[in-house]
Structures are given as structure tokens and as C-alpha cells.
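Q: Please look closely at one part of this model and describe its surroundings contact by contact. Give the cut-off behind each term as it comes up.

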Amino acid sequence: MKVSIIGAGYVGLVTGVCLAEKGHQVVCVDVNQERVEKINQAISPIYERGLEGLLKKNIKVNLEATTNLYKSIVETEISLIAVGTPFVNNEIDLTYIKEVSHQIGQALKEKSTYHLVVIKSTVVPGTTDTVVLPILEKASGKKAGIHFGVAMNPEFLREGEAIQDFMFPDRIILGGMDEKSIEILGKLYCSFDRVDTLRTNNKTAEMIKYTSNSLLATMISFSNEIGNLCASIGDIDVVDVMKGVHLDKRLSPIMPDGKRVVPSFTAYLEAGCGFGGSCFPKDVKALIAHGKKFGSQMRLLDAVIQINEQQPGQILLILKKHFPVLSGIRIAVLGLSFKPNTDDLRESPSIPIVKYLIEQNAIVKAYDPIAGHEAYQLFGDTIEFCNDLGQTIKDVQAIVLLTRWEEFKKIPEMMIHLNTQPLFIDGRRMLDKYHIKRYEGIGL
Ligand code: UDX
Ligand code: UDX
């Protein structure tokens with residue numbers, strides 16, 4: 001199919017590159033000229049495993065990028081909107097969605113053939129039918145359901161695993177205003193064999209995305225609440241508690257050969273310094289705000305956010321137990337991105353932690369295998385950035401681990417060679433507490 005993707009950010013670009021790889025003719029549209037040029041030169045503007053390779057393979061073959069939205073609409077049969085939907089002033093900000101819907105509508109005015117407009121961005125239930133559709137009708141002077149259709153197709157892409165998640169999806173949700181829209185949207189995914197596909201209306205598709213993310217966020221905050229209680233009671237380690245919980249056969253089923261299947265879902269049932277990223281915090285908050293508009297108090301999700309916002313504070317509590325005054329204390333911060341395999345710092349727990357340490361006049365050295373450059377934009381020269389793990393942990397009084405980077409598994413071995421043993425706080429409970437001398441951690 002001839003596909004235009006509006007917004008070549010993290011979701012739009014991954015979607016565009018993968019659909020091109022699947023044989024569609026794709027054009028990625030973005031207002032950011034520099035981003036468009038980079039894409040056309042096969043340079044990925046974001047760090048995402050495997051993305052640049054696929055970009056190189058497909059660019060100028062069946063993939064191109066442009067700033068010309070009008071032309072891209074006229075020349076394609078289906079458009080996917082993947083612009084950002086931030087959370088601003090206590091509600092979802094649909095400015096970009098409205099803006100591109102208007103522009104698409106204006107282009108549709110000139111088109112004689114049917115066009116399908118699909119919302120890929122995460123939007124609160126009702127947006128596709130009651131915000132996007134009317135804007136398209138007004139700007140085009142045409143009728144939805146006759147001259148064009150609107151559909152909703154949420155993404156379930158984990159950063160760092162986005163290519164894999166797109167090419168081997170667990171589900172495909174096809175929301176649409178009518179049968180025709182769903183049918184055409186379905187064609188986009190016709191080469192995805194044997195994937196569970198759910199056909200539904202737009203509002204349900206929108207709700208599925210929020211519910212999925214809210215469930216995962218709830219599991220994390222639940223684990224963190226339990227972890228904090230374990231630490232308060234004493235003599236209980238949340239890691240052991242969660243190991244015991246994971247052994248429930250409903251969480252890790254036992255196969256006929258006696259082996260356990262350990263679903264990746266259990267990874268969300270582990271205590272740590274909190275969730276971050278471009279999705280969980282903003283999506284849960286947007287659903288809470290939307291729910292309240294409809295008279296639902298959203299008490300559970302309110303608590304999920306509250307617990308998460310307080311969770312970085314647990315790291316600081318442990319630090320303060322050992323160093324009541326942080327001024328002048330030399331601290332190594334390991335991991336800045338909100339999770340491993342990405343350079344994304346959005347809503348990362350590392351941000352409030354580092355900011356607090358700076359405020360308290362601690363002397364901070366930081367290391368992240370990939371996100372150092374991004375972090376420098378945020379913290380500038382207020383902290384020292386190291387290029388090397390060994391250098392970072394040398395001559396410090398405390399080490400704080402905040403991201404589960406694979407490389408950090410080497411730490412226990414590296415610490416043996418240090419002259420004096422610093423305090424070690426494991427914010428992700430990723431290392432063995434018996435392999436590090438002065439080990440502390442969340443939920444311990
Ligand atoms: C996406 C989704 O859109 C969001 O709803 C979902 O929850 C998470 O992923 P993301 O891909 O992370 O957001 O957004 P971002 O990286 O900010 O990219 C948006 C792109 O759209 C940018 O490149 C921006 O330049 C472009 N854009 C934005 C336009 O081309 N036109 C606009 O009017 C606005
Ligand atoms: C998430 C969803 O998983 C994906 O399906 C959706 O489309 C976009 O949002 P992503 O934000 O990339 O993806 O991250 P994910 O791997 O789900 O992790 C989110 C956050 O939860 C990270 O900050 C991670 O560190 C944290 N986390 C995860 C925990 O704190 N504890 C855990 O046990 C698991």
C-alpha cells in the first residue's frame with residue numbers, strides 16, 4: 001500500500017521503517033527539516049536497536065522522508081498520525097493532533113479518491129471520533145464514511161525493543177469508524193501471519209492502549225509499595241518476596257515437562273526506583289484526568305502515580321541514612337536513561353535524584369553507556385560525565401545504580417579492586433547483594 005506517516009518521531013519512524021521493510025511504499029512526514037534530511041541520508045535521529053540498519057536498507061527503495069505533508073496525502077491511500085500527545089496543564093495536549101488533522105483535511109479537499117486517516121498516537125477515548133473526524137470533515141468539506149474514513153491503531157512498542165515489537169507483534173488492534181475503515185487498515189497488516197487481531201470501534205482501541213499501560217504501571221507501583229514495606233519491617237528482602245510471588249503457576253505456568261514459562265510480565269512485578277519514559281507517566285495521568293471528567297475518581301491510578309513520584313525519594317532516604325549531610329560527598333550515579341537500551345531520559349527517575357544531589361551540593365559523577373550526551377543537555381556542567389564505568393566508581397563514597405544496563409553486571413568484580421569500598425545502592429535490585437560489601441537496595 002502507499003502509506004504516509006505524519007510525525008517521524010520515535011513511534012512514527014519505527015512504524016515507517018518497519019512498514020517499508022514489509023513491502024509497503026512509505027513516506028515519513030515531519031515538520032523538522034533536519035530530522036527529514038537525516039532520515040533521507042539513512043542516519044537515524046534516535047537511538048533504537050536495529051533501526052538504522054533497516055533505515056539504510058529501505059531508504060530510497062520504498063521509504064522516503066519529506067516536509068511536504070500536502071503532497072504525501074495526495075499521493076498515498078492511507079495516513080498514520082504519529083505526532084506527540086504530551087500531558088500539559090493536567091490534561092492530554094491534542095494541539096499537534098488537531099494541527100495535522102486540519103492539514104490532512106485541507107489536502108483531502110483536492111483528492112478524488114477515498115483516503116483512510118489512522119491515529120497511531122496514544123489519545124484518550126473519544127479523540128478519533130469526536131476531535132479528529134470533525135476537523136477532517138470541516139477542513140476537507142467532505143463526509144467521513146463516504147469520502148474518507150478514520151481509524152485507530154495503537155502502538156505497543158517498547159523502547160529498545162521497538163523493531164522487534166513491531167515485526168513480531170503480540171496483537172494488532174484495528175479500530176475503525178465502520179467496516180470499510182477496519183478492512184483497509186487490516187490490509188496494512190496482511191503480511192503479519194497468525195497474530196491475534198482484534199477488530200473494534202475507535203474508542204475501544206483507544207481504551208485498550210491506556211488500559212495496557214495502566215496495568216503495567218500499576219504492577220510496578222504495587223511492587224514498589226510492597227518493597228518499601230519490606231524495607232520498613234526489616235529482615236525481609238522484596239526480591240525474595242517477589243520470587244515467591246512469581247512462582248504462582250498463574251504467573252509462571254508449569255509445562256507438562258515440569259519446566260516453568262517465565263513471562264516478561266513478571267518483570268513489572270519487581271521493586272525499583274520507579275517507572276519513567278514517554279508513555280507510562282503521561283498515559284496514566286491522562287487517563288486519570290479523562291476519567292475524572294467523566295465522574296470516575298480513578299483512586300487506584302491516582303495512587304499508582306503518587307507512589308511512583310515518591311519512589312526516587314527512597315534512594316535518597318537510603319543515602320541520607322549513611323550521609324546525613326550530602327554536601328561534599330562524592331557520589332557516582334550509574335545509569336541515567338529511564339531504562340536500558342535507550343538514550344531516552346524522559347521522566348527518568350535519575351532526573352529528580354541527580355537534581356536533589358546537586359541541590360545538596362554533593363559532588364556527582366555520572367555514567368550512562370548511551371544517554372550521556374542527552375543528559376549533558378539537561379545537567380550541563382553541574383555534574384561530571386564519565387566515559388567509562390571504571391573511572392566513574394573510582395574515588396567515590398557512594399554509588400547509586402538507577403538503570404538496569406547489562407554492562408553493570410561487571411560491577412561486583414570491578415569493585416573488588418577498589419582501595420576502599422563505597423556504599424552501593426541498587427535502585428533496580430539487579431546485582432547480587434552478597435557480591436558487594438556495603439550493599440543497600442530498594443526493598444531491602
Ligand atoms: C508517540 C506518540 O505519538 C504518542 O502519543 C505515544 O504515546 C508515544 O509515542 P513519539 O513518537 O515519542 O510519540 O513522539 P516524538 O518523538 O515527540 O515525535 C513526534 C514527531 O512529530 C516529531 O518528530 C515532530 O517533529 C513531529 N511533528 C509534530 C510533526 O511533524 N508535526 C506536528 O505538527 C507536530
Ligand atoms: C511501554 C509499554 O511497555 C509499551 O507496550 C508501550 O507501548 C509504551 O510504553 P516503554 O515505555 O518503552 O514501553 O518501557 P517499559 O519497558 O514498559 O518500561 C517502562 C518503565 O518501567 C521503565 O522506566 C522501567 O525501568 C520501569 N520498570 C519496568 C520498573 O520500574 N519495574 C519493572 O519491573 C519493569
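A: In this predicted model, a backbone N or O atom of L157 lies 3.3 Å from an oxygen atom of ligand 2, a polar contact (N or O atoms within 3.5 Å; within protein, one able to donate a hydrogen and the other to accept it, with sequence neighbours counted only if both atoms are side-chain atoms). Residues are numbered from 1 along each chain as written, while chains are lettered from A and ligands numbered from 1 in the order written. Local features need pLDDT of at least 70, side-chain atom pairs need 80 or more, totals for chains, interfaces and linings use all residues, and side-chain values use heavy atoms without hydrogens or water.

E159 also meets ligand 2 through its backbone: a polar atom there is 2.7 Å from a ligand oxygen. R428 uses its side chain instead, with an N or O atom 3.1 Å from an oxygen of ligand 2. On its own, ligand 2 has 660 Å² of accessible area, and the protein covers 90% of it (Shrake-Rupley, 1.4 Å probe; for residues, only the protein chains shown count as cover).

The shell around ligand 2 has 21 residues, of which E159, A267, Y268, F338 and K339 come nearest (a heavy atom within 4 Å). Eleven of the shell residues are nonpolar, three polar and seven charged (Asp, Glu, Lys and Arg are charged; Ala, Val, Leu, Ile, Met, Phe, Trp, Tyr, Cys and Pro nonpolar; the others, Gly among them, polar).

Ligand 2 takes the space of the largest pocket (on a 1 Å grid over protein atoms alone, an open set of points with protein on both sides within 12 Å along at least five of seven lines). A molecule sits in a pocket if more than half of its atoms lie within 2 Å of the grid points.

Ligand 1 gives a point of reference. The space that ligand 1 takes is the second largest pocket. Helix 1 (10–21) and helix 5 (95–109) are the elements that give two or more residues to its shell. That shell also holds 21 residues, the closest being D30, V83, T85, T122 and K282. By class, the shell of ligand 1 splits into nine nonpolar, seven polar and five charged residues.

Backbone polar atoms of Y10 and V11 face oxygens of ligand 1, at 3.1 Å for Y10 and 2.9 Å for V11. Taken alone, ligand 1 exposes 690 Å², of which the protein buries 85%.

Terms used:
1 Å grid on protein atoms, 1.4 Å probe; cavity = no way out; pocket = protein on both sides within 12 Å on 5 of 7 lines; lining within 4 Å. Helix = DSSP H or I, 4+ residues; strand = E, 2+ residues; numbered from the N terminus.
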